[in-house]
Amino acid sequence: MHHVVLFPGVAAVRISKRPDAAAELPRRVEILRAVGAAGLPFAVPEPLTAVATFGERAAVAISWIDGEGLPEGIGDPAAFGLLLEALREVDISPELEAVLHRPRRYADGLGWADILNDEIIPRLPTKWRDGVRQRLDTLLALEEVPARLVHGDLGGSNVHFGEDGKLTGVLDWDMAILSDPAIDAALVATWHGWDVLRATDEKTYRRAWAWNEAVGVGHLHAVFAGKPLSHVDGFVSSVLAWLEERG
């Protein structure tokens, strides 16, 4: 959604690529402000400027976060256990409530379960439909839990560690929502390996597994928005590629 110009040690400037991203940038800045005020034990990018608009684009400078992301398959269970616990324990402030969406399973055809059941599964090749529907039913059978702060894109380059191996900060809160914290656990596990969840409890592990099993947890942000999918065919193709890769 954005080009990013880096000024190492100083700032990162995010520049929208499309008009819809430009329109969303002020809300994304408010998400950073609300998350930054939540008292997390690691750094979160802070807006350094107001949002500047030019033509159909918009830009904002945000603070630099030291450290680097970890390679795929690498991760200390203790460090990620602390990260997931910190997110789970955040008090949901009025500011977070105001800027973060709460995905619903069913919402007049636009809930995430509605979209998967009605729009995605029927478009999959026949051999995949029953299995995906069964795994979706398993996910829907889980008891709903109180909504917590969910980053929505944990793992890889978004979670920075210092040379000493300690967590320094978490970037890119654009997909943050209020929902089941096991979603973040699943996102961590799909990048860093499921063994990284050893520091979590069995319930979280089981829920994380269920969130990933239906269509791949990385796809779900697109159906969490409570809006029609803009590129249904592309979404189906991506899910199908994931299904074929996992076998």
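Does threonine 204 count as buried or exposed, and what is its relative accessibility?

**View 1. Threonine 204 sits in helix 7 of a predicted model.** At 13% relative accessibility, threonine 204 counts as buried (buried means under 20% relative accessible area, exposed over 50% and partly exposed in between, with a 1.4 Å probe and protein chains only). Leaving aside neighbours within four places in sequence, threonine 204 touches Ala182 and Ala185 (contact means heavy atoms within 4.5 Å). Because this is a predicted model, local features need pLDDT of at least 70 and side-chain atom pairs count only at pLDDT 80 or more, while totals for chains, interfaces and linings use all residues. Residues are numbered from 1 along each chain as its sequence is written, and side-chain values use heavy atoms, without hydrogens and water.

**View 2. Helix 6 packs against helix 7.** Helices (H or I, at least four residues) and strands (E, at least two) are DSSP runs, numbered from the N terminus. Axes are lines fitted to C-alpha atoms, for helices over the stretch in contact, and angles run from 0 to 180 degrees between N-to-C directions. Helix 6 and helix 7 are therefore roughly perpendicular (65 to 115 degrees; under 35 is roughly parallel, over 145 roughly antiparallel and the rest oblique). Ala182, Ile183, Ala185, Ala186 and Thr190 of helix 6 meet Thr204, Arg207, Ala208, Trp211 and Asn212 of helix 7. By class, this contact has 6 nonpolar, 3 polar and 1 charged residues (Ala, Val, Leu, Ile, Met, Phe, Trp, Tyr, Cys and Pro count as nonpolar, Asp, Glu, Lys and Arg as charged, and the others, Gly among them, as polar).

**View 3. Helix 5 packs against helix 8.** Here residues 126-141 and residues 232-246 form an angle of about 95 degrees, with axes 12 Å apart. Helix 5 and helix 8 are therefore also roughly perpendicular to each other. From helix 5 come Trp128, Val132 and Arg135, which meet Leu240, Leu243, Glu244 and Arg246 in helix 8. The contact of helix 5 with helix 8 has 4 nonpolar, no polar and 3 charged residues.

**View 4. Tryptophans stand out in the largest nonpolar core.** This core has 75 residues, and Trp112, Trp173 and Trp211 have the most contacts inside it. A nonpolar core is a set of buried Ala, Val, Leu, Ile, Met, Phe, Trp, Tyr and Cys residues joined through side-chain atoms within 4.5 Å. Beyond its neighbours within four places in sequence, tryptophan 173 has contacts including Ile31, Phe42, Leu87 and His151.
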